[in-house]
2 protein chains.
Amino acid sequence: MKKIQLQRVAPAEIEERSMEIITQELGERTFPADQLPVIKRAIHTSADFDYADNLVFSTGAVEKGIAAIRGGCTIVTDTQMAFSGVNKRVLEKFGGKAVCFMSDPDVAAEAKARGETRATVSMERAAALPGPLILAIGNAPTALVRACELIEAGKMAPALVIGVPVGFVNVVESKELLLTMDTPHIVARGRKGGSNIAAAICNALIYQASNNARE
Amino acid sequence: MKKIQLQRVAPAEIEERSMEIITQELGERTFPADQLPVIKRAIHTSADFDYADNLVFSTGAVEKGIAAIRGGCTIVTDTQMAFSGVNKRVLEKFGGKAVCFMSDPDVAAEAKARGETRATVSMERAAALPGPLILAIGNAPTALVRACELIEAGKMAPALVIGVPVGFVNVVESKELLLTMDTPHIVARGRKGGSNIAAAICNALIYQASNNARE
């Protein structure tokens, strides 16, 4: 086995050091103070600096997301992966929780019967939840489109929609739709995004809500 | 709400159509037939065409991964996110399973006591498992380095190591270490990777193992 020279960094300091490197590489670019931790955490989870360019925030989106988390909101994800990635331990300190309906057998059955995606039906389940909501959509454009329709119809009023589905079919269009709406939103414009990005954005908000130094 | 023009694609066909678009955009580039579905699925999960360039396969790595899956191997992930993303339903048809030790309380306790990462201790747990193994490391370079040490010491002999941790501290070095080893490996060279990429590579192998047309 080749000998490699590893940096001696204590486990707890790895994230901090990573964020310092990201800051260095962002160089002279400046971002609004509340958005910066969101942008950095998206880069941290992907090593992809495109997120410095493609993330779009509606006015006050971060502030509204933080307020919703502090108010004990429910975060609804469109994948089990994003659900797994959300820091539920910190979220629960505020009385909040994360949920994902994608693996529920009744959601699958209804989707099949209607010829819809499970993601579409999941958003209808989300609309029936009480209390403040954050939608974290990192996979399915059909989830995002249905969420926009439910909002437009007055059936759902999320505090924040994190619209970061990834891919090649209807993904760009679904995000452009969200960008036209008054609902507070954070969008990764273009094809990129994903469950990891959705979870990273949730966590950036959760850590800001808890005044945690992690950024 | 703005009217947007969505492509009319049935839910089951969205993935197929996405893969067609990826094929088109890869253009004239050619890849070994067994590696292509792995490369395409990494791009599918990230919309990042860098994976056409940064994925490195040791000789026969895909074939060995497929054989391990068909033989009922255990896939060990280093995050709950990657675990969530692996298609366990198909894996279980071969008698295999996926596991992740990262949330086990005894792993956390031991890591804390020893000043190691949970990921390091997780790999030691993996080494104690019976039967063929695939390691799917999408997050922690410490997991990958410890896995390499255990392999070198003859304490573990995985059928395949998927080495795709993401990030900025010791990530590149950990992957370069794996690249020097004889153990079958698939590596995302450089900083990029992630739990989504680890799961996508597992699934590309699982679908090939089951002769599933999904690529």
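**Ground rules**

I number residues from 1 along each chain as its sequence is written, with chains lettered from A in the order in which they are written. Since the model is predicted, local features need pLDDT of at least 70 and side-chain atom pairs count only at pLDDT 80 or more, while totals for chains, interfaces and linings use all residues; side-chain values use heavy atoms, leaving out hydrogens and water.

**Entry 1: the A/B interface**

I began with contacts, meaning heavy atoms within 4.5 Å. On the chain B side 49 residues take part, and they meet 49 residues of chain A. For buried area I took the accessible area (1.4 Å probe) that two parts lose on being put together, summed over both. Chains B and A bury about 3900 Å² between them, with carbon and sulfur atoms giving 70% of it.

Next, the polar side of things. A polar contact here is a pair of N or O atoms within 3.5 Å; within protein, one must be able to donate a hydrogen and the other to accept it, and residues adjacent in sequence count only if both atoms are side-chain atoms. I get 4 residue pairs in polar contact between chain B and chain A, both residues at pLDDT 80 or more.

Which helices of chain B each supply at least two residues of the side that touches chain A? My list reads H1 (11-26), H2 (36-46), H5 (80-85), H9 (141-152), H10 (171-179) and H11 (195-209). Helices are DSSP runs of H or I, at least four residues, and strands are runs of E, at least two, numbered from the N terminus. H1(B) gives the largest share of that side, 7 residues. Sorted by class, the chain B side has 20 nonpolar, 18 polar and 11 charged residues. Nonpolar covers Ala, Val, Leu, Ile, Met, Phe, Trp, Tyr, Cys and Pro; charged covers Asp, Glu, Lys and Arg; the others, Gly among them, are polar.

**Entry 2: salt bridges between chains**

My rule asks for a side-chain nitrogen of Lys or Arg within 4 Å of a carboxyl oxygen of Asp or Glu. It finds 3 salt bridges across the interface of chain B and chain A. One of them joins A:Glu25 to B:Arg191, with the closest N and O atoms 2.5 Å apart.

I also looked up B:Asp48 with A:Lys192, a salt bridge at 4.0 Å, N to O. This pair crosses from the loop between H2 and H3 (51-54) of chain B to the loop between S6 and H11 (195-209) of chain A. Are the two partners buried or exposed? B:Asp48 is buried at 5% relative accessibility, and A:Lys192 is buried too, at 11%. (Buried is under 20% relative accessible area, exposed over 50%, partly exposed in between; 1.4 Å probe, protein chains only.)

**Entry 3: salt bridges within a chain**

Over all chains the rule counts 27 salt bridges. A:Arg146 sits in H9 and A:Glu124 in H8 (118-127), so the bridge ties together parts 22 residues apart in sequence. A:Arg146 is partly exposed at 21%, whereas A:Glu124 is buried at 18%.

B:Arg125 is partly exposed at 22%, as is B:Asp106 at 42%. Back in chain A, shared partners join A:Asp106, A:Glu110, A:Arg114, A:Glu124, A:Arg125, A:Arg146 and A:Glu149 into one network.

In H10 of chain A (171-179), I find A:Val171, A:Ser174, A:Lys175, A:Leu177, A:Leu178 and A:Leu179 buried. What do they pack against? The partners are S1 (55-57), H9 (141-152), S5 (160-163) and S6 (185-188) of chain A.

A:Thr117 is in the loop between H7 (105-114) and H8 of chain A and is buried at 12%. Its side chain makes a polar contact with that of A:Thr142 at 2.7 Å. Leaving aside neighbours within four places in sequence, A:Thr117 is in contact with A:Ala111, A:Thr142 and B:Pro11.

A:Gln35 lies in the loop between H1 (11-26) and H2 (36-46) of chain A, buried at 18%. Not counting residues up to four places away, A:Gln35 touches A:Phe57 and A:Val62.
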